[in-house]
Amino acid sequence: MPLVSLDVAKMHLKVDEVDEDAGIAIYLGAAEATAVEFLNRQVFESEAAMAVAVAADTAGAAPMVVNPAIQAAILLILGHLYEHRSDVVAVRDIFELPRGSLSLLQPYRKCMGV
């Protein structure tokens, strides 16, 4: 189960058509992966899912359950990907998360190390 549903993603993007679902799902997956990678920890959609991963010893260090701040950051990243669908973007946009999502994710980030 994703951290943000396709329905919520489409509502955020203000998209009603179903013909864009496949593309939005790809961007949503990329947005979630980007957020989780930045956090440097696994994020689960529910306590139950996290408990299963902990029991299976696959939760990693410092697992957490998704919260509204992380979901909002994912939606901001999704919006950025959806609006900038071409390969031609400003160089800074390629390497940086949108500022709003960075601010929302930073408190939950685990150190990346040296």
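How far does helix α2 reach from its first C-alpha to its last?

## Helix α2

Helix α2 covers residues 21–39, and its 19 residues reach 27 Å from first C-alpha to last, close to the 27 Å expected at 1.5 Å a residue. (The expected span is 1.5 Å times one less than the number of residues; helices are DSSP runs of H or I with at least four residues, strands are runs of E with at least two, and both are numbered from the N terminus.) This is a predicted model, where local features need pLDDT of at least 70 and side-chain atom pairs count only at pLDDT 80 or more, while totals for chains, interfaces and linings use all residues. Residues are numbered from 1 along each chain as its sequence is written, and side-chain values use heavy atoms, with hydrogens and water left out.

On the buried list for α2 you'll find I24, L28, A31, E32, A35, F38 and L39. They cover an arc of only 130 degrees around the axis, which puts them on the same side of α2; the arc is taken from the directions from the helix axis to the C-beta atoms. Turned away from that buried side, the other face carries the exposed residues A22, I26 and E37. Here buried means under 20% relative accessible area, exposed over 50%, and partly exposed in between (1.4 Å probe, protein chains only). The cover over the buried residues of α2 includes α1 (6–13), β1 (43–44), α4 (68–83) and α6 (99–105).

## One salt bridge

The salt bridge count comes to one, taking a side-chain nitrogen of Lys or Arg within 4 Å of a carboxyl oxygen of Asp or Glu. D21 and K10 make it, at 2.7 Å from N to O. The pair links distant parts of the chain, with D21 in helix α2 and K10 in helix α1, 11 residues apart. K10 counts as buried, at 9% relative accessibility.

## R41, buried without a partner

Just after α2, N40 takes a positive phi of about 60 degrees, and R41 lies in the loop between α2 and β1. R41 is buried yet has no salt bridge: the nearest side chain of opposite charge, E47, is 11 Å away. (Lys and Arg count as positive, Asp and Glu as negative; His and the chain ends are not counted.)

Technical notes:
Contact means heavy atoms within 4.5 Å.
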